[in-house]
Amino acid sequence: SIYKNKAIIGAGTLNRDGSYREPIFFNPYEVDRDKVVYASKVEEALYHSVWGRIVHATELREAGVGLGNKVLLHGENGTGKTLAAAVTAQFALENGWSMVQARWDEDLKMVVKFAEKIGVPTVVVVEDIEKLIQRDVKEMDALLDLFDGIGAKNREVMLLMTSNHISELTKSMTRAGRIDRMIYVSDLDREGVEKLINALIPAEQREELDYEQLHVAYQGYTPSWIVEALKNVKVASIIRTGRTGQPLTTDDFVVEADALRDAWETHTEATDRPAVDLLGSVVETIVGQAVGKVLETTEMSNDNIGTSE
């Protein structure tokens, strides 16, 4: 198969007009793995449940352990769930696996069947799994059947899913055996903050920093917001000193972290889900039914008038 040891998007889809949409190869190394940082517990969980299983697939087979692991990454926007999928693709390519990123409009069962035919162990990535459930209840049933079968013997397909809204998943989907591991991709801990700063800001550009103070300054920020704050630390230094090329201080980092606080609070109060007016929906339904009955009665009356004439 040309898809062995490759990272691709899509499993191939036959369009309504009869044309065929082929899988697309992509390069996961466009993401710099050294700059993808998680809280220590999150990184340990990712290695134990995903990356380590890819690296040690041979030993797991020898021990009689199946590779059909099903993992759900959940958490807020900007915590690095999509980046984790890219890093997973890198581990896959480095260890003789393939990786398939499912398109949102594809039949997931067909994607898994495609992955099984590639000829090497394969990671199937499905982002925003709750959208699949919202789209069609029948797809939910098919997905549950898929979960029950994917761990069967000799099915070397790992399923990696993400969700920003885990509360929308049903109990039948989250019961024991359906999803093997759930990993909450949280905000960074103190060690994570230090690691991210060290990865993005070279040591020669900064003074010795008070990471405890910086952890407090970034409190509540997801990694994407911390990265945004780090982009402008040089600005704080220039405004403070009136010069360029000066060593960045703890205060420079804190100033930029504080400058983003109002925007961050506005973001956290916003929603990416439209508010549901339950009372309005009920009233609309009742009114609609009443109007329907009135129209039906009117039509019957008109029919009777026509007959009498």
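Colleague: At what angle do helix α8 and helix α10 pack?

Modeller: This is a predicted model, and the two helices in question are α8, residues 190–200, and α10, residues 223–230. Their axes lie 11 Å apart, and the packing angle is about 45°.

Colleague: Which term describes how α8 and α10 are set to each other?

Modeller: The angle between α8 and α10 is about 45°. Angles under 35 degrees count as roughly parallel, and those from 65 to 115 as roughly perpendicular. The two helices are therefore oblique.

Colleague: How many residues of the contact of α8 with α10 are nonpolar?

Modeller: From α8, the contact uses Val193, Leu196, Ile197 and Leu200, while α10 contributes Pro223, Ile226, Val227 and Leu230. No polar and no charged residues are found in this contact. The number of nonpolar residues is eight.

Colleague: Are the residues on the two faces of strand β6 buried or exposed?

Modeller: Strand β6 covers residues 98–101, with Ser98 and Val100 on one side.

Colleague: Which residue of β6 is the bridge partner of Ile9?

Modeller: Strand β1, residues 7–9, pairs with β6 in the parallel sense over three bridges. The partner of Ile9 in β6 is Gln101.

Colleague: Which residue of β7 stands opposite Val100?

Modeller: β6 is joined to strand β7, residues 122–126, by four bridges, and the two run parallel. Opposite Val100 stands Val124.

How values were computed:
Residues numbered from 1 in each chain as written. Predicted model: local features only at pLDDT ≥ 70, side-chain atom pairs only at ≥ 80, totals over all residues. Heavy atoms only, no water. Axes fitted to C-alpha atoms, helices over the stretch in contact; angles between N-to-C directions. Parallel < 35°, antiparallel > 145°, perpendicular 65-115°, else oblique. Contact = heavy atoms within 4.5 Å. Nonpolar A, V, L, I, M, F, W, Y, C, P; charged D, E, K, R; others polar. Buried < 20%, exposed > 50% of the residue type's maximum accessible area, 1.4 Å probe, protein only. Pairing = 2+ DSSP bridges.
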